[in-house]
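Dear colleague,

I am handing over the structure that we spoke about, with the sequence alongside. Please look through it before reading my notes below.

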Amino acid sequence: MTITLERPRIGVDLGEKKIIPDANELVLDGGFSVPETNAFGQTFRDYNAESDRKKTVEEFYRTNHLHQSYAFVKRMREEYGKLNRVEMSIWESIELLNEFVDDSDPDLDEPQIEHLLQTAEAIRKDYPNEDWLHLTGLIHDLGKVLLHPSFGELPQWAVVGDTFPVGCAFDESNVHHKFFEGNSDYHNPKFNTKYGVYSEGCGLENVLMSWGHDDYMYLVAKENKTTLPSAALFIIRYHSFYPLHRFGAYSYLMNEEDKENLKWLHVFNKYDLYSKSKVRIDVEKVKPYYLSLIEKYFPAKLKW
Ligand SMILES: [Fe+2]
Ligand SMILES: [Fe+2]
C-alpha cells in the first residue's frame with residue numbers, strides 16, 4: 001500500500017500549529033526492503049525468542065515498569081529540563097555514546113554510533129532530499145548520554161526501552177505489561193483510568209511520557225532552539241512509543257498536529273528498526289555531510 005504525506009516545513013516555529021499543505025507530496029514507501037531477521041537470525045522485536053539477550057531484556061522491563069511512575073517522570077523532567085550539566089556539540093555527544101550497548105534491544109549489540117549512522121544513511125538513500133530526516137536519524141538516540149557519568153549515569157531502565165504515557169492506565173499493548181502491577185500508579189485511582197489526568201485530544205505534548213533518552217533529547221533539541229521541523233521533534237520524542245506507532249494505543253490523546261506527524265514517525269520507524277545490522281559504515285567518509293547538517297540545524301554548541 002502506498003500512502004502519501006505532506007513534506008513538513010523546515011524552520012517552523014514550534015508554537016505555530018498551522019500545517020501548510022505542500023504540493024510536493026512524498027511516497028511513504030521509499031523503497032527500503034525490510035529484512036526478515038535481525039543480526040541474531042531472529043525476527044525483529046521478538047521478546048520471547050530464546051537468546052542470551054532474552055533474560056537481560058526481561059529483567060530490564062521488570063525494573064522499568066516498576067519504577068516509571070508519574071512522580072518519577074515529573075521529577076526527572078524538572079531536573080533534566082534545567083539543561084545545566086554539560087555544553088557539547090552533537091558530534092561530541094555521538095562520540096561519547098560510542099561506549100554503550102543498549103540492554104533493552106533484542107536486535108542489536110553494536111556500539112551506538114553504528115546504529116545512528118546505519119539509520120541516517122538508510123533514510124538518506126531512500127529520501128535524498130529530506131536532509132532534516134537524515135539528521136533526525138543521526139540524533140534520535142543521543143539522549144542515551146544519560147548513561148554517562150557526566151549526565152548522572154542513570155540506570156538503563158531510566159534511559160532506554162519502549163516508552164508509554166504515565167498519568168493514565170498502562171495499555172495492554174505495552175511489552176511485558178504484567179510488570180506494571182508493581183508500579184504504584186497501577187493501584188492509584190487518579191492514574192489508572194483510561195484518561196487519568198488527561199482529556200480526549202489534549203495533544204501528546206501535554207502528556208508525560210516515561211522518562212528516557214527520547215524525552216531528554218526532545219527537551220535538549222527544543223530548548224536549544226533547533227530549526228528542525230516539528231515532525232523531527234515528534235519523531236525524537238515518540239520513536240520508542242511502540243504502543244502508539246505499532247498498535248495505535250493511546251491515540252485518543254493525540255491532536256491534529258500529532259496525527260500529521262505520526263505519518264512521519266511511521267516512515268522513520270522502519271529505518272530505526274530494520275537498518276540494524278552488522279554492516280559497518282565508514283564514519284570518516286560520511287562525517288563531513290553530517291557535520292554540515294548539524295551546522296545548519298544546530299548552529300551553536302548545545303546545552304545538555
Ligand atoms: Fe531510541
Ligand atoms: Fe534508534
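What follows is a short account of the annotated sites and of the nonpolar core.

This is a predicted model, in which local features need pLDDT of at least 70 and side-chain atom pairs count only at pLDDT 80 or more, while totals for chains, interfaces and linings use all residues. Residues are numbered from 1 along each chain as its sequence is written, and chains are lettered from A and ligands numbered from 1 in the order in which they are written.

An unreviewed UniProt entry places the feature "binding site" at His115, His140, Asp141, His213, His239 and Asp272; UniProt positions are given in the numbering used here, feature names are shortened, and annotations may be inferred rather than shown by experiment.

Of these, His140 is found in the loop between helix H5 (131–139) and helix H6 (213–223), where helices are DSSP runs of H or I with at least four residues, numbered from the N terminus. His140 counts as buried because it has 27 C-beta neighbours inside 10 Å (the cut-off is 20 or more other C-beta atoms within 10 Å of its own, with C-beta atoms placed from the backbone). Leaving out residues up to four places away in sequence, the contacts of His140 include two other annotated positions, His239 and Asp272, a contact being two C-beta atoms, placed from the backbone, within 7 Å.

His213 lies in helix H6 and is buried as well, with 26 other C-beta atoms within 10 Å.

Met217 and Ile235 have the most contacts inside the largest nonpolar core, which has 75 residues (a set of buried Ala, Val, Leu, Ile, Met, Phe, Trp, Tyr and Cys residues joined through C-beta atoms within 7 Å). Helix H7 (residues 230–238) gives the most to this core, with seven residues.

With best regards

Methods
Helix = DSSP H or I, 4+ residues; strand = E, 2+ residues; numbered from the N terminus. Buried ≥ 20, exposed ≤ 12 C-beta atoms within 10 Å, placed from the backbone.
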